[in-house]
Amino acid sequence: MTSTDTSQSTIAIRLPTTRPPDTEGAPAFTLDAPIAGKVVGLRTDLAWRSWKLIASKWAEKIHAAGATTLEIETGAQVGKEGHDDRVTVNEWSEQVDFGIVGLGTCGSCTSFSVYDAVTLEDHEKPSLVVVCSEFETHARNMARFIGHSNLKVLVLPYPLEALPEDELLQIAEEYYPQALDLLGVQA
């Protein structure tokens, strides 16, 4: 049997927590102009048919307002495919005037939606991340953790995936004006 004298063992805990995130956050950009003539980035995710349908409806509205869209679809979050998607998002961010990124409706897809929206902000472009209500707190915490506490977040109902197409199109209609308002689009 072995015994250890713990009275002589000490450790020094200097700071058991990480440094608090910057509460001020990086600047968030707004368009502050009409949408006509702009290139609007729409980032969808291979996993979510609901978001693809909503984004396609918003693309129709964007085109009707005299703007063009540059749409990308991501499908991976890790490995070579995830790296390639992040490169695509970075290049896309250089080409658009502002962008809408979705959809955060699970833990990992919310994280990468926030990350991709922040990539737009890092290019000094207005961006909006779209998440479902169940993941709003996660999205805001992640944005704050990576220094973008002012990131614009549009919150859609949860869950979307089980809803029929007509209900998804109603949600697209209802939330499109809010998306433009958050981005600072002027009439």
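F145 is found in helix 4, which spans residues 136-145. This model is predicted. The relative accessible area of F145 is 62%. Because exposed means over 50%, F145 counts as exposed. F145 also belongs to a nonpolar patch on the surface, together with Y115 and I146. The three residues share about 320 Å² of accessible area.

**Helix packing**

Two packed helices are described by the angle between their axes and the distance between the axes. Helix 4 packs with helix 3, which covers residues 107-122. Their axes are 9 Å apart, at an angle of about 45 degrees. The two helices are therefore oblique to each other. How is the crossing of helix 3 and helix 4 handed, left or right? The crossing is right-handed.

Helix 1 (residues 49-64) and helix 5 (residues 165-183) form another pair. Their axes come within 9 Å and cross at roughly 55 degrees. That makes helix 1 oblique to helix 5. Helix 1 passes helix 5 in a right-handed crossing.

**Backbone features**

Most residues other than glycine have a negative phi, and most peptide bonds are trans. Several places in this chain depart from that pattern.

Which peptide bond is cis, with omega near 10 degrees? The bond from G102 to L103 is. L103 is found in strand 3, residues 98-104. Another cis peptide bond joins Y158 and P159, with omega about -5 degrees. P159 lies in the loop between strand 5 (152-156) and helix 5.

Positive phi values come next. D32 has phi near 55 degrees and is not a glycine. D32 sits in the segment before strand 1, which runs over 39-45. Its relative accessibility is 49%, so D32 counts as partly exposed. E124 is also a residue other than glycine with a positive phi, near 60 degrees. E124 is placed in the loop between helix 3 and strand 4 (127-132). With a relative accessible area of 58%, E124 is exposed.

**Salt bridges**

Side chains of opposite charge can pair when their charged atoms come close. How many salt bridges does the structure hold? There are nine.

| Pair | N to O distance |
|---|---|
| E73 and K52 | 3.0 Å |
| D84 and K80 | 2.7 Å |
| R140 and E136 | 2.9 Å |

Take the salt bridge of E73 with K52, where the closest N and O atoms are 3.0 Å apart. This pair links distant parts of the chain. E73 is in strand 2 (residues 68-74), K52 is in helix 1, and the two are 21 residues apart. E73 has a relative accessibility of 40% and counts as partly exposed. K52 is partly exposed too, with a relative accessible area of 33%.

K80 counts as exposed, at 58%.

R140 and E136 both lie in helix 4, the helix that also holds F145. R140 and E136 are four residues apart, about one turn of the helix. At 34% relative accessibility, R140 counts as partly exposed. E136 is partly exposed as well, with a relative accessible area of 27%.

Salt bridges also join into a network. Which residues are linked in this way? They are K57, E60, K61 and E173.

**Drawing it together**

Helix 4 gathers several of these features. It holds F145, and it packs with helix 3 at an angle of about 45 degrees. The side chains of R140 and E136, both in helix 4, meet in a salt bridge.

Technical notes
Residues numbered from 1 in each chain as written. Predicted model: local features only at pLDDT ≥ 70, side-chain atom pairs only at ≥ 80, totals over all residues. Heavy atoms only, no water. Patch = residues over 30% accessible without salt bridge, like charges linked within 9 Å, V, L, I, M, F, W, Y side chains within 5 Å. Areas by Shrake-Rupley, 256 points an atom, 1.4 Å probe, with all protein chains shown as cover. Salt bridge = Lys/Arg side-chain N within 4 Å of Asp/Glu carboxyl O. Buried < 20%, exposed > 50% of the residue type's maximum accessible area, 1.4 Å probe, protein only. Axes fitted to C-alpha atoms, helices over the stretch in contact; angles between N-to-C directions. Parallel < 35°, antiparallel > 145°, perpendicular 65-115°, else oblique. Left-handed = near helix turned anticlockwise from the far one by under 90°.
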